[in-house]
Amino acid sequence: MKKITFLLAAMLLLASAKTNAQDDAKRECTIKYNLFKGDFQSKKYEEAYTNWIYLMDNCKDLSVNIYKLGSKLAEDVRKDPVLAKRVYEQRLQYYPKQNPAKLHSDYATYLLDNKLASDDEVFSILEKGYNIDPTKMGVKNLYIYFQGVTDRNKDTNPQKVFDTYDDVLESVSSKLEGYAAKLKELSKDSVANKKLIHAYSTNSRALGTVEGGLDNIISEIATCERLIPIYKRDFEANKSNAVWLKRSVSRMFNKDCQEDPLYQKLVRAYAEASPSPEAYSFLASVLEDNGDTAGANEMRQKSFDLETDPLKKAKYKLKFAHAAKVRGQLSKARGLAREALSYNPNLGKAYLFIGSLYASSVNNCGENEFEKRMVYVAALNQAQRAASVDPSISSTASSYIRSYRGNVPSKKVIFTAGVNPGSSYTIKCWIGETVKVPN
């Protein structure tokens with residue numbers, strides 16, 4: 001009995017000693033952490049470093065800030081790639097749910113900026129982040145990742161490239177729509193709103209750059225010659241798959257592959273699999289091509305009426321405008337684009353579209369050099385308006401602005417025409433718009 005009592009007392013003593021040791025260790029970790037954080041916030045990085053290393057060795061799961069703040073010490077202060085890798089790996093180990101996609105993306109950026117890893121190693125890290133949540137990845141890294149997918153699969157598995165493109169673009173488009181909705185609701189009456197507008201505009205410009213970059217990459221491989229055999233091959237297996245059909249129809253539409261009979265087949269299957277506003281809008285173009293104007297108009301109206309989101313209504317109106325342009329109905333196309341702007345005044349693509357209508361009519365809306373070049377003034381005004389209201393297309397709008405500006409009438413042309421700079425001029429033919437003569 002005495003022996004048992006002695007053993008119990010010894011065990012309790014050991015347990016107490018262990019608990020005290022653990023408490024001491026926790027206290028020491030807390031002290032070191034507070035010292036580290038205070039020195040870091042005071043930018044005393046050398047002093048912070050000593051306590052930070054202690055935390056990295058002994059207090060690995062105390063706070064995610066050990067890694068958030070520590071990455072700066074490893075990457076920017078010490079410039080130590082081995083230490084930076086340790087921060088990255090320990091954070092994933094002890095805080096695997098703390099924004100891991102962004103962590104992968106940030107680490108890939110560090111490796112790229114400092115040329116510390118091969119393209120394959122960087123791609124592997126980005127792939128992990130993408131598979132977790134592509135919306136948390138840096139804008140530049142989404143582009144790099146997609147380029148990597150394209151380079152590795154364009155000849156052997158182009159469908160993977162198309163699927164990745166669609167996934168990334170849908171994510172980007174969703175975020176752009178979110179920013180567009182917020183910008184539409186904000187006025188510039190307060191300082192707080194101005195800051196939000198600046199932030200949303202900056203993010204929209206960055207995302208718009210990605211969208212354009214993705215299109216540039218995929219345009220090289222997403223040709224009708226490559227798309228049609230793939231979709232013919234996979235149609236039977238996917239003829240009830242609304243997502244696959246939507247993506248296939250959209251890509252063939254955007255790449256001007258509508259003349260192939262497969263396009264109509266895909267559209268009709270899409271409308272059957274998903275009787276949605278978008279499906280009906282595609283079906284309208286098919287009916288129009290088949291000479292069924294009444295049926296096409298009915299489908300357009302049906303798709304528009306079913307949609308409740310004004311931003312999406314604007315997109316449908318602009319899509320109908322494109323269809324009118326293809327049929328040579330330029331005045332109607334402009335009218336539809338203006339209707340799109342009534343639902344979303346910040347839809348820069350609508351202004352660019354109107355500008356392109358004007359630019360395509362230069363030779364028909366002027367009898368001499370001055371009159372023809374004044375059409376470019378009207379086009380320039382539209383492109384400038386697009387850039388001012390829609391930050392997501394600022395890069396695209398800039399290229400149109402440069403092109404149109406390079407074609408407006410020179411001082412010599414204006415003088416020869418006997419017109420006063422700064423005066424009003426009404427463009428002829430269907431455009432009928434009054435603009436200012438350049439100074």
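A salt bridge here is a side-chain nitrogen of Lys or Arg within 4 Å of a carboxyl oxygen of Asp or Glu. Keep that in mind for Glu307, which is buried (under 20% relative accessible area, 1.4 Å probe, protein chains only) yet has no salt bridge. This is a predicted model, where local features need pLDDT of at least 70, side-chain atom pairs count only at pLDDT 80 or more, and totals for chains, interfaces and linings use all residues. Residues are numbered from 1 along each chain as its sequence is written, and side-chain values use heavy atoms, leaving out hydrogens and water.

**Glu307**
- Glu307 sits in the loop between α14 (293-306) and α15 (310-326); helices are DSSP runs (H or I, at least four residues), numbered from the N terminus.
- Setting aside residues up to four places away in sequence, Glu307 touches (heavy atoms within 4.5 Å) Pro277, Lys312, Lys313 and Tyr316.

**Helix α10**
- Helix α10 (residues 224-238) bends by about 35° at Lys232, taken as the angle between axes fitted to the seven residues ending there and the seven starting there.
- Its buried residues, Tyr231 and Phe235 among them, pack against α8 (158-185), α11 (242-254) and α12 (261-273).

**Nonpolar cores**
- A core is a set of buried Ala, Val, Leu, Ile, Met, Phe, Trp, Tyr and Cys residues joined through side-chain atoms within 4.5 Å.
- The largest has 81 residues, with Trp52 and Tyr231 among those with the most contacts inside it.
- Helix α8 gives the most to this core, with 9 residues.
- A second, separate core of 45 residues includes Tyr358 and Phe370.

Technical notes. Helices (H or I, at least four residues) and strands (E, at least two) are DSSP runs, numbered from the N terminus. Buried means under 20% relative accessible area, exposed over 50%, partly exposed in between (1.4 Å probe, protein chains only). Lys and Arg count as positive and Asp and Glu as negative; His and the chain ends are not counted.
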